[in-house]
Structure formats: structure tokens, C-alpha cells
Amino acid sequence: MQASSANSHFPHRVNEDGIIDSICPHCFVTIGSSTCESDLAKMESAHVCDPALVRYYKQRAEADERSQPRGSLPRTERRSVA
């Protein structure tokens with residue numbers, strides 16, 4: 001199993017109820033939740049990615065890249081500003 005790097009940045013999402021979720025940037029699992037961000041550090045350092053999930057998301061990203069025509073911008077980048 002692949003351990004997430006200690007220097008990986010784990011994005012945090014704040015929910016409507018004030019609970020903060022820590023998300024792994026490699027396997028996209030919610031690692032833990034707390035009302036205090038400092039509580040999440042221990043959970044993040046102990047996290048081990050599921051290699052099947054890492055492979056799955058890597059393959060999806062590669063498939064998405066292959067399906068994009070060269071030189072085209074991702075859909076969110078093509079919006080016109082009015």
C-alpha cells in the first residue's frame with residue numbers, strides 16, 4: 001500500500017455545520033473530520049492510500065487527457081466573461 005507523503009497537501013472542506021473534512025489528493029478519500037483543523041494532522045499523517053483507488057483515478061485522468069483534443073481548454077476554462 002502507498003502511504004501518502006507527509007509533505008502532501010490535504011485539501012480541507014468546511015461543511016455547513018462547521019465540520020472540517022480532510023481529503024486525500026491521491027485517492028480522494030475523506031481521511032477524517034473534525035471541528036478543529038489541527039486535529040486532522042494526526043489523521044493525515046496516518047493515512048495510507050488504497051492502491052486500487054490510486055490506480056483507478058490515475059487511469060481516469062489519463063483517459064480524460066486522451067479524450068481532450070490537443071490545444072483545447074477544459075470545459076470550465078471556455079466560458080466567456082460577459
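These entries cover ring pairs, a surface patch and a serine in a predicted model.

**Aromatic pairs.** I searched the whole structure for ring pairs and found two. I took Phe 28 and Tyr 57 to begin with. Their rings are edge-to-face, with 4.8 Å from centre to centre and 75° between the planes. I then checked where the partners sit. Phe 28 is in the loop between β3 and β4, and Tyr 57 is in helix α2 (residues 51–67), so the pair links parts of the chain 29 residues apart. I went on to Tyr 56 and Tyr 57. The centres of these rings are 5.0 Å apart and the planes are at 75°; over 60° counts as edge-to-face, so this pair is edge-to-face.

Tyr 56 is partly exposed because its value is 38%. Tyr 57, at 32%, is partly exposed too. I also noted that Phe 28, Tyr 56 and Tyr 57 make a nonpolar surface patch of about 300 Å².

**Ser 34.** I located Ser 34 in strand β4. Its relative accessibility is 9%, so Ser 34 counts as buried. What does its side chain reach? I found the backbone nitrogen of Cys 36 at 3.1 Å. I also found a polar contact with the side chain of Asp 39, at 2.9 Å. Leaving aside neighbours within four places in sequence, I listed the contacts of Ser 34 as Gly 18, Ile 19, Ile 20, Asp 39 and Leu 40.

Definitions and conventions:
Residues numbered from 1 in each chain as written. Predicted model: local features only at pLDDT ≥ 70, side-chain atom pairs only at ≥ 80, totals over all residues. Heavy atoms only, no water. Patch = residues over 30% accessible without salt bridge, like charges linked within 9 Å, V, L, I, M, F, W, Y side chains within 5 Å. Areas by Shrake-Rupley, 256 points an atom, 1.4 Å probe, with all protein chains shown as cover. Salt bridge = Lys/Arg side-chain N within 4 Å of Asp/Glu carboxyl O. Helix = DSSP H or I, 4+ residues; strand = E, 2+ residues; numbered from the N terminus. Buried < 20%, exposed > 50% of the residue type's maximum accessible area, 1.4 Å probe, protein only. Polar contact = N/O pair within 3.5 Å; in protein donor to acceptor, adjacent residues only side chain to side chain. Contact = heavy atoms within 4.5 Å. Phe/Tyr/Trp six-rings, centres within 6.5 Å; stacked < 30°, edge-to-face > 60°.
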